[in-house]
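Here is my note on this model.

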Amino acid sequence: MTTDMDKFYDVIDATWPAATTRELGPWLIREGQGGGQRVSAATAKRPVTADDIPLAEAAMQELGQPRLFQIRQGQDDLDMMLDERGYAVVDPVNFWIAPVDDIATEFPPPVTAFSVWDPLAIQIDIWAKGGIGPGRIAVMYRAADPKTSLLGRLNDSPAGTAFVAIHDGIAMLHALEILPHQRKQGMARWFMRLAAFWARDNGASQISVVCTQENDAANALYQSLGMSRCGQYHYRKHQEDLS
């Protein structure tokens, strides 16, 4: 099982892609078009100095985006420089990964979880209720095949939805959303099982997910499934752009 963090970052970028990207000096500048932090943050492609930071700041502001940097493992110097410039830590994230065969051990019960593409209207509604709006739906459509969405049902009614895509043999699940009244009934676990079966059927050998460190329930779920926490990243956002 790979724990190559550079490969894992590539999986994130490919399965949840920005609208546009361009290299600018040492930076990769992303245009998110409302798709969230992952597709809007600038990343350093090589070591930078404090003099390089205004270049990225100006590029993000020209796009009408907040000054937001994704800090990856080993980028402690950049992290310190941004801290000194008034950037706050935002949303530290854990990477979780496992062989698909470790997760694809029990298929969801009948009429509990389905794989479907394109997403159905009810899935769009569920995502919207969780704050996953048109900008993030557009990200899903930008992702290359193979990809799918998951629809869950409990108690004879819709329960939740998620998105899965594959890059370089690794599937990644995104945008997992369970309706509040359907939570704590195992739906997220069934989604992970179904995603693993789908991933294996579509040529992936591993399944992964990213999760904010403050989401105790989700981190506990991935740990209980036997997934390995193999890395992390966080964002730095300028204090003036915090909302």
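Is Tyr-235 buried or exposed? Tyr-235 is buried, at 3% relative accessibility; buried means under 20% relative accessible area and exposed over 50%, with partly exposed in between (1.4 Å probe, protein chains only).

1. Basis. This is a predicted model: local features need pLDDT of at least 70, side-chain atom pairs count only at pLDDT 80 or more, and totals for chains, interfaces and linings use all residues. Residues are numbered from 1 along each chain as its sequence is written, and side-chain values use heavy atoms, leaving out hydrogens and water.

2. Aromatic rings. Eleven aromatic pairs are present. Rings of Phe, Tyr and Trp (its six-membered ring) pair if their centres lie within 6.5 Å; planes under 30 degrees apart count as stacked, over 60 as edge-to-face and the rest as tilted. Tyr-233 and Tyr-235 are edge-to-face, because their planes are at 90 degrees, with ring centres 5.5 Å apart. Tyr-233 is buried too, at 3%.

3. Charge over a ring. The charged end of Arg-72 sits over the ring of Tyr-9, 4.2 Å from its centre. The rule: NZ of Lys or CZ of Arg within 6 Å of the ring centre and within 35 degrees of the ring normal.

4. Cysteines. There are zero disulfides (a pair of cysteine sulfur atoms within 2.5 Å). Cys-211 is in none; the nearest cysteine sulfur, that of Cys-230, is 13 Å away. That is too far for a bond. Cys-211 is buried at 7% relative accessibility, and Cys-230 is buried at 18%.
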